[in-house]
Each structure stands twice: as C-alpha cells, then as structure tokens.
Amino acid sequence: MKAGVKRITSAILLVALIFTLAGTAFADEETDEREAERMASYGITPDTNNIEGWPQGPQVYGESAIVMDMESGAVLYAKKPDERHYPASITKLMTALVALENAELDAEVYFSEDSVSFLEYGDAHIGMRPGEILSLNDAMYGMLLASANEVSYAIAESVGTLMGGGFDTFIQRMNDRAAEIGCTGSHWVNPNGLHDDNHYTTAHDMAVIASEVYQFEEFRTVMQSLQYTIGATNLVSETRTFQQNHKMLWPENANYYEYCTGGKTGYTDQARTTLVTMADDGNLQLAAVVLRDYGNDSYIDTRAMFDYAFANFTKVPLTEQTKPEGVSSYIEENPYVVLPSDADFSEVRTEITVTDEAAAAGTVTYTYRGQKVGNAGVVLTEEYIKNGMNKSTEPEISAGGSKADDKDDKGEIPMPVKVAAGIAAGLLLLVVILFARYVSAKRRRRRLMRSRRRRQAQRRAQMHSARPRHARGAQREHRREIQ
C-alpha cells in the first residue's frame, strides 16, 4: 500500500516538474522574443538623424517616438512619428481635451449603469457605483491620475449629453477635434484606451493632442498633482485617495526629471507601454511621446529625448526676422521657430496657407532642411489674397534636374521601367503577406496562452479576495497600466 502511494506521489511530482519546466521554457522563449524585438527597435535610426546638418539624437527602445515644441509645433526629434499604434490609456488626454472644451469644471458627471458594468477584472477603476455623481473637476483627477476607466466613460456620457447627444456624440467629437488640430493617423472608438483594433493613433498625433490640452490651466493643475482625494458623494460616505502614476514627477523616484510638468501613462498587452510627457526648462515647452515601448525603458527614452532637445535647440523670434512676402503681421504676440543651435535662419523655407480669405488670415509653416521647425498665424496682405500667392518660397527643381531623369521625352515613365516596377511590387507584396501570416500565427498563440493565464489568475483572485470592490480599485492601478 505504502509503495503504491509512493509511486503515485512520485508520478504526480514528475508531472508537476514537467509542467513547471514547460512553463519556464515557454516564459523564457517569450522573454527572449521580447528582448530581440526590443533590441531590434533600439537599433532603428531616428528619422531626424537622417537630416543633413541636424543634431544627432539618441537611439530609443520605443517603436515610435517624437519630441515637439508645444507652442510652435516644431518637431525636434522623430522616429517613425506617423506609424500607427494602439495608445492604451494615453487616450485619456484626448478625452480630457474634448471635456474641457465642452463643459465647465463644476458640471455634473453622472455614473450610469453602462459606465460601470463594462468593467472587467483587472481594469483600472476607483469603485464608482451606478447613480453616483462627481463634479467634472473631481472626475478629471480620477481619470488622469488614477486612470479610472469607468470615470472616462462617465465623462464621455455626461459631457456628450451637455453637447446635445450622448456617449456616441462625445466619441465623434474626439475624432472631429483630432482632425481639426492636425492629427492625421488617429481613430478613436472609446474614451479610455481599452483595446480595440479600430482604436489607434501616432506619436505625432499624440504630441499635437498633448500640446493642445496643455494650454488649459485646469489640465496643468491636475497633471502636476501627486495625490488627490475625492470626498464623499451622494451615495458613498467614504473618501477615495489615489496617486500620480507618472514616475518623472515624483522627486524620490529614480526616474524623476526636474523639468517634467505632467504626462500620462498607458499599457495594454496589445499596445505595450505608451507614455506622453510634458517638460518645461524655462525656455522650451516640450511634449515627448513614446509608443509600443518596454516598461521602464519608456522613461529612459523620454529622458534621453528631452536632454537632447534642451541641449541642441534654440528659439528664434520671428519678429527679429524679415517677414515672408505676403505677410502683413503675426497674430501671436511673440511668434518663434525652434532651430538647431548652429543653424542659419537664411536656410529656413516658408509656406503660406490661407485659412480665411475674407479675413485675410493664414498660417505660415517654417521648415529647415525639410523638417518642420514651427508655424505661426498671420494676417496676409491684400495683394497676396488678391493674387492668390499661396505657394512655397522654396526654389523648385528645374526641368533638367534629377527628378526628370527617369522619364522619356514626353515626361512619361518608359514601359520597361513600369513592368519591372510592377513585378518588384508583386514580389514584395507576396513576401509581406507571408511574413504577416507568420507573425499573426505567433501572436495568436501568445494571446491564447496569456488569456488562459488571465482566467486562472482571475479565478484565484476571486476565491481569495474578500475586500470590497470599491476599496480595492481606489488603491491599485490597472495591472495593464504603468505604476
């Protein structure tokens, strides 16, 4: 009998050992794959490093990254800035912008059943209940500091109602407003950033959004807070206290950055780490964005980009330079561009866009060696409007230049060249399709494994957790969010 028990016990231990080794091997394989992707991304040269005469910027781990001057719109550093990625919780910056533009801080934010019932295990929340009411001011802290997903949803519903519609009205306004301020690669389907294949953005677009929302003093006040307490509500007598998640704002944290003035963290399995950070050194006000980054590397990348930008670029007041032909005056009081410290302003090119012909209003975009270094609102001369002189001051390439070298006498591309290009494009497309299928299969396997682990973790947590849901949510951040 005892021998039988020993054999059964040994068998069980053996099976457990096999499963443990298999799990370790799988984890090691996943870790190795992630490390390979991380180093491959680090090895990609930033776009701005390819500009002749531009200061050489740092390598970063994030797949897309940008540093933009928030006042002038000058792009100082860029790595795949227009590549689309999932944003995760940095979505809430766009939500904050639309909310602040369409409601007052004392407006009521009502928590409907819909705003709470969609939450799943592990989603960031502060334990709001259906029927509770917060002021928009308190809700902004809950959304931006605690990254509470039910608060984001309730803001969208309540402000959407004030706009004459509802939740869908708010989401549509997020998309419309993004396009109005110059975003070209974003699409929003929710106000919180929980994953959806049709919910995406770019590093450039997030820098534009950050620059726009940063103009609100109310936003800056929230972002610079390290801790906030929401008092008793109409349904709950206890308070809810939560902390700032952005590590560069905490003086005692190793990632603290003395010029940091705000930002938003994000993480989902699909988006990986996303981070938006604002910084002001007393001269330049910058927004830095990293997308699809790797945990704490997002802070390392952001610091490197800020240090590079503050050390290598200078404001150049436009009022000290000759105005472009056709410009009568500047709309802004102190317009400027941002140039590399050793750049010559004579190399700057301008392009005028008429924004309101009746009011003779327009925008001048400034570029240096092809890179945008600023823009300014202007009043145009009557002569410019009359003659329709909406064109770039940059010299055009002559007909005898290199751009015409691959064309025949009629300006058309020869047929053999077209055929060769078509064959090459077809082969390239085939390779891309095969590679995409291979990557998709690998990702599908990984998602299945992660899903199983999450379900197991959920069952364990539900069995052992006896704390009230609202108390847990007020003290811990979304497991998918940067701590």
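## Helix α5 and its surroundings

Helix α5 runs over residues 149–162, and its 14 residues reach 20 Å from first C-alpha to last, close to the 20 Å expected at 1.5 Å a residue. That expected span is 1.5 Å times one less than the number of residues. Helices here are DSSP runs of H or I with at least four residues, strands are E runs of at least two, and both are numbered from the N terminus.

A word on the source: this is a predicted model, where local features need pLDDT of at least 70, side-chain atom pairs count only at pLDDT 80 or more, and totals for chains, interfaces and linings use all residues. Residues are numbered from 1 along each chain as its sequence is written, and side-chain values use heavy atoms, leaving out hydrogens and water.

Back to α5: 12 of its 14 residues are buried, so the helix is largely enclosed by the rest of the structure. (Buried means under 20% relative accessible area, exposed over 50%, and partly exposed in between, with a 1.4 Å probe and protein chains only.) Among the buried ones are Asn 149, Glu 150, Tyr 153 and Glu 157. Their cover includes α2 (91–102), β3 (108–110), α3 (113–117), α4 (136–144) and α6 (167–180). Just after α5, Gly 164 takes a positive phi of about 95 degrees.

How do α2 and α5 meet? Their axes come within 10 Å and cross at roughly 35 degrees, with axes fitted to C-alpha atoms over the stretch in contact and angles running from 0 to 180 degrees between N-to-C directions. On the α2 side, Lys 92, Thr 95, Ala 99 and Asn 102 make the contact, and on the α5 side Asn 149, Ser 152, Ile 155 and Val 159 do. Contact means heavy atoms within 4.5 Å.

Two residues other than glycine also have positive phi: Lys 80 and Arg 292. Lys 80 sits in the loop between β2 (75–79) and α2, while Arg 292 belongs to strand β9 (residues 285–293).

| Residue | Phi | Relative accessible area |
|---|---|---|
| Lys 80 | near 45 degrees | 30%, partly exposed |
| Arg 292 | near 50 degrees | 13%, buried |

Zooming out, the protein has 12 helices and 15 strands, and 46% of its 483 residues count as buried. There are zero disulfides, a disulfide being a pair of cysteine sulfur atoms within 2.5 Å. Cys 183 is buried at 11% relative accessible area, and Cys 260 is buried at 10%.
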